Amino acid sequence: MIEVIEADGGIQLRMPGSDTPAEVSWRWLRDHGEDETSRDPETLQRRVDTFSIDASAKGRVELTDNDQGFAIHWPDGATTQHSLALLAEVVAGHVATDWSRSMPADFRLPDDVVLWGDPAAAAPDEVKLDAFLGTDEVLAHGVDQLSRYGYLVLRGSRHNPQLNRERAEAFAQRLGYIRHTIFGGMWDLAPDLTEHADTAYTSVYLAPHTDATYSHDAPGLQYFLCVQPAETGGESLVVDGFAIAEELSRTEPDAAAVLASVAVPGRYIEPGVHLRAERPVFRTDARGVLRQVSFNNYDRAPFLLPPELEDRFYDAYGRFAELANDPARRVAVTLNPGDVFVFDNWRAMHGRNAFTGYRHYIGAYLNHEDLESKRRVLVGA
Ligand SMILES: [Fe+2]
């Protein structure tokens with residue numbers, strides 16, 4: 001049986017057959033409650049706001065009768081529930097990992113991108129969707145803008161709404177082909193949770209994130225065609241992840257190094273599906289060039305770091321989240337029926353303002369290599 005011992009910094013777990021207890025900090029425990037307030041019971045997506053957790057708050061452990069877990073009572077009045085099953089799982093993963101390999105990593109940015117940490121200072125040209133679909137010069141310009149900035153807005157013209165799906169498909173074919181996932185090829189995004197167990201299918205505010213941290217090869221591009229905008233709110237939000245990486249590497253190199261080296265697991269769970277993958281927030285290529293930013297606190301899976309690295313990780317991850325949620329860094333895109341909004345899911349974090357009314361988008365994913373290919377072929381870059 002697993003023995004739980006309350007300690008100053010958190011709890012110690014003595015696993016069967018192991019002499020050395022595993023330490024789990026109070027902060028980690030507050031971040032990994034299994035009660036309804038801490039996480040969604042159906043999707044297991046995180047509900048607790050990781051970034052407002054008081055790292056110095058100590059809890060009081062109350063063991064339950066059935067030996068399956070325990071509750072923690074916190075100074076602010078909250079109570080979280082914890083299972084020994086989850087703790088045994090993360091401790092096993094922790095023991096199996098050689099953390100000394102997680103060394104600080106230097107990186108530099110690709111030299112052909114335009115950063116827009118201040119969106120007022122730099123923005124891609126808007127493009128007309130009809131011209132993008134019909135004219136190679138406009139396609140080349142759009143591809144170049146999308147590659148440099150990481151997002152692009154294409155304004156639609158009045159057309160028969162019954163052609164929405166055809167136009168969404170035609171857009172994909174101009175760049176490559178639709179990437180199929182568990183969401184299908186093209187999907188309808190509307191507030192209807194019965195279709196997929198994900199917060200995207202609701203009407204609440206979505207904090208900036210990248211999609212598919214649970215996929216080894218996260219889709220490189222995501223796009224939406226607006227069928228029906230919300231009555232109020234519902235603007236799409238984008239934030240430049242590369243600009244955040246650049247700023248952190250300049251001003252807080254330790255945080256940048258932690259984010260470039262600690263592999264963060266993501267997961268997606270619904271009946272019959274359990275996807276899981278991991279990579280650092282800043283993924284670099286063999287030359288040390290930043291190629292991908294991955295950040296999704298909703299879908300972050302439980303994992304345990306050594307205490308010293310855990311503090312550095314939470315601080316760095318929290319600093320990243322602070323910058324990602326800074327309203328001064330975000331672009332709010334209002335779409336009208338027929339407009340398309342496409343962004344680089346390896347760079348631009350996206351979110352959504354809360355909305356009222358019925359908001360209906362058609363969405364799909366594309367591969368990153370297909371955008372890169374189009375750029376080489378059409379622009380020569
Ligand atoms: Fe998303």
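Helices (H or I, at least four residues) and strands (E, at least two) are taken here as DSSP runs, numbered from the N terminus. The model is a predicted one, in which local features need pLDDT of at least 70 and side-chain atom pairs count only at pLDDT 80 or more, whereas totals for chains, interfaces and linings use all residues. Residues are numbered from 1 along each chain as its sequence is written, and side-chain values use heavy atoms, with hydrogens and water left out.

Ala-212 sits in the loop between strand 10 (206-209) and strand 11 (221-228), and although Ala-212 is not a glycine, its phi is positive, at about 65°. Ala-212 counts as buried because its relative accessibility is 4%. Leu-44, found in the loop between helix 1 (26-31) and strand 4 (60-63), likewise has a positive phi, near 60°, in a residue other than glycine; with a relative accessible area of 21%, Leu-44 is partly exposed.

The protein chain is divided into domain 1 (3-96) and domain 2 (101-381), the bounds coming from an automatic or database domain assignment. The C-alpha centres of the two domains are 32 Å apart, and 18 residues from domain 1 and 23 residues from domain 2 take part in the contact, where contact means heavy atoms within 4.5 Å. Between them, domain 1 and domain 2 bury about 1900 Å², of which 52% is on carbon and sulfur atoms; buried area is the accessible area (1.4 Å probe) that two parts lose on being put together, summed over both. Three salt bridges are counted between the two domains, a salt bridge being a side-chain nitrogen of Lys or Arg within 4 Å of a carboxyl oxygen of Asp or Glu. Asp-31 and Arg-300 form a salt bridge in which the closest N and O atoms are 2.8 Å apart.

An open sheet of three strands has the order 1-2-3 and antiparallel pairing, two strands being paired if DSSP finds at least two bridges between them. Strand 1 (3-6) and strand 3 (22-25) are the edge strands, since each pairs on one side only, and the twist from one strand to the next averages 25°. Strand 2 (residues 10-14) pairs with strand 3 in the antiparallel sense over four bridges, and Ala-22 in strand 3 is the bridge partner of Leu-13. Helix 2 (residues 84-95) lies across strand 1, strand 2 and strand 3, and runs at about 80° to strand 2; such axes are lines fitted to C-alpha atoms, for helices over the stretch in contact, and angles run from 0 to 180 degrees between N-to-C directions.

By the rule given above, the count of salt bridges comes to 27. Among them, Lys-58 pairs with Asp-8, the closest N and O atoms being 2.8 Å apart. Lys-58 lies in the loop between helix 1 and strand 4, and Asp-8 in the loop between strand 1 and strand 2, so the pair ties together parts that are 50 residues apart in sequence. Lys-58 is partly exposed at 43% relative accessible area, while Asp-8 is exposed at 57%. A further salt bridge joins Arg-148 and Asp-144 (3.1 Å, N to O), both of which lie in helix 4, four residues apart, or about one turn of the helix. Arg-148 is partly exposed, with a relative accessible area of 29%, whereas Asp-144 is buried, with 13%. A network of salt bridges links Asp-112, Asp-144, Arg-148 and Arg-375.

Arg-375 also belongs to the buried residues of helix 9 (residues 368-378), together with His-368, Asp-370 and Leu-371. The buried residues of this helix pack against helix 4 (136-149), helix 5 (164-175), strand 11, strand 19 (340-344) and strand 22. Just after helix 9, Gly-380 takes a positive phi of about 80°.

Key: Buried means under 20% relative accessible area, exposed over 50%, partly exposed in between (1.4 Å probe, protein chains only).
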